[in-house]
Amino acid sequence: MRGANFHLRRDRVADFDSLRVVYEVEGRLVNEAPLRVGVGRGEEPGSPSDLPIMRISRSGGRDVPYIPGSSLKGVLRSHVERLAAAIYGPDAVHPPFDTNKAEEEFEKDMICAVCGIFGSIKVASHLVVRDSLPLNSPTIMLKPGIGINRDFGGVQPGIGPFSEEYVSPGVEWSFNMKIMNIPIEDEGAEDPRPRLLRLLISSMGRGELQLGGRKSVGAGVISLKYLKVWKKMVADGELRVVEVKI
Ligand SMILES: [Zn+2]
């Protein structure tokens, strides 16, 4: 049966009574294309753009663009959903905010691997993604846009032209993700999550993920460089940290 190995028993997922192993995935994200992680129209008073990008205040009063960890996590989840649909069939996967499905999985004691990684209203997330900050000085571009009617694809009268902010390509961003209590080196088929996470990380290395707005015109392609994976575990009362290759 397809999808047979896609689900986990509750006790495999509700396992935060002890932190057995933590993998810390580090590297640098590079946006290969213009990147727009935006805030909505008019949310940033005084901005020169109608559609500004998200910024965070750093010490010294500088505001720099950043990528919220929650946005990154959402993109990672979508990608794992696509991988899971390809491997286990489209019926195995449900939308992240389908609370009925999450409850049903819990009642049936069959938690899907995607919830088993990213969490749901019923199970805690096994993955923490930090905010990504630029490591060099990003150039911000202002692009004129026009309103496109979503239903008909034509120019929407009355909307725009407006200006949209993008971060220019080639910016390096910090990347740090912690994976808790999932043995990602495990090649066994019993737990589907290690394989999905390894596939996710290699997809990131190949620049297969897109982040932020205007994906349909190729914006937001990101790739992960300088990957390092650290395995942290307590053995004989001591914290051991080793670098692993995955
Ligand atoms: Zn699920």
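Is Asn 31 buried or exposed? Asn 31 is buried, because 29 other C-beta atoms lie within 10 Å, and 20 or more is the cut-off for buried. Who are the neighbours? Asn 31 touches Val 167, Pro 169, Val 171, Gly 220 and Ile 222, leaving aside residues up to four places away in sequence. Now take Glu 172. Along the chain, Asn 31 and Glu 172 are 141 residues apart.

One caution before we go on. This is a predicted model. The mean pLDDT of the chain is 89. Of its residues, 88% reach 70 or more. Among the elements, strand E7, residues 140-145, has the lowest mean pLDDT, at 84. Strand E9 has the highest, at 98.

Now the overall picture. How many helices and strands does the chain have? There are five helices and twelve strands. The chain has 246 residues, and buried residues make up 30% of them. Look also at the contacts between residues at least 6 apart in sequence. Of these, 66% join residues at least 24 apart.

Back to strand E2, which covers residues 21-31. Which strands does it pair with? One is E11, in the antiparallel sense, over ten bridges. Another is E9, also antiparallel, joined to E2 by nine bridges. Arg 28 shows both pairings. In E11, its bridge partner is Lys 225. In E9, Arg 28 stands opposite Ser 174.

Next, a helix. H2 runs over residues 69-88, which is 20 residues. From its first C-alpha to its last it reaches 28 Å. That is close to the 28 Å expected at 1.5 Å a residue. After H2 comes Gly 89, with a positive phi near 95°.

Which residues of H2 are buried? They are Leu 72, Leu 76, Arg 77, Val 80, Glu 81, Ala 84 and Tyr 88. Keep the helix geometry in mind as you read that list. An α-helix has 3.6 residues a turn, so residues three or four places apart point the same way. What do the buried residues of H2 pack against? They pack against helix H4 (113-118), strand E6 (127-129) and helix H5 (193-205).

Let me pick out Glu 81, which lies in helix H2. Glu 81 is buried because 21 other C-beta atoms lie within 10 Å, and the cut-off is 20 or more. Glu 81 touches Val 93 and Val 114, not counting residues up to four places away in sequence. Ala 92 is eleven residues from Glu 81 along the chain, and their C-alpha atoms are separated by 9.1 Å.

Now the core. In soluble globular proteins, nonpolar side chains tend to be buried together. Here, the largest nonpolar core has 50 residues. Which members touch the most others? They are Ala 84, Ala 113, Val 114, Ile 117, Ile 179 and Leu 197. Follow Ile 117. Setting aside residues up to four places away in sequence, Ile 117 touches Val 80, His 126, Leu 127, Ile 182, Arg 193, Leu 196 and Leu 197.

On to the loops, and to backbone angles. Most residues other than glycine have a negative phi. Two residues here go the other way. Asn 181 has a positive phi, near 60°. Asn 181 lies in the loop between strand E9 (172-180) and H5. Asn 181 is partly exposed, because it has 18 other C-beta atoms within 10 Å. Arg 214 also has a positive phi, near 60°. Where is Arg 214? Its place is in the loop between strand E10 (209-210) and strand E11 (221-235). Arg 214 is partly exposed, with 18 other C-beta atoms within 10 Å.

Asp 109 is found between helix H3 (99-107) and strand E5 (111-112). Why does Asp 109 count as partly exposed? Because Asp 109 has 13 C-beta neighbours inside 10 Å, and a residue is exposed with 12 or fewer and buried with 20 or more. Asp 109 touches Arg 9 and Arg 10, again not counting residues up to four places away in sequence. His 7 and Asp 109 are 102 residues apart in sequence. C-alpha to C-alpha, they are 8.8 Å apart in space.

Terms used: Residues numbered from 1 in each chain as written. Predicted model: local features only at pLDDT ≥ 70, side-chain atom pairs only at ≥ 80, totals over all residues. Helix = DSSP H or I, 4+ residues; strand = E, 2+ residues; numbered from the N terminus. Expected span 1.5 Å × (residues − 1). Contact = placed C-beta atoms within 7 Å. Core = buried A, V, L, I, M, F, W, Y, C linked by C-beta atoms within 7 Å. Pairing = 2+ DSSP bridges. pLDDT = per-residue confidence, 0-100.
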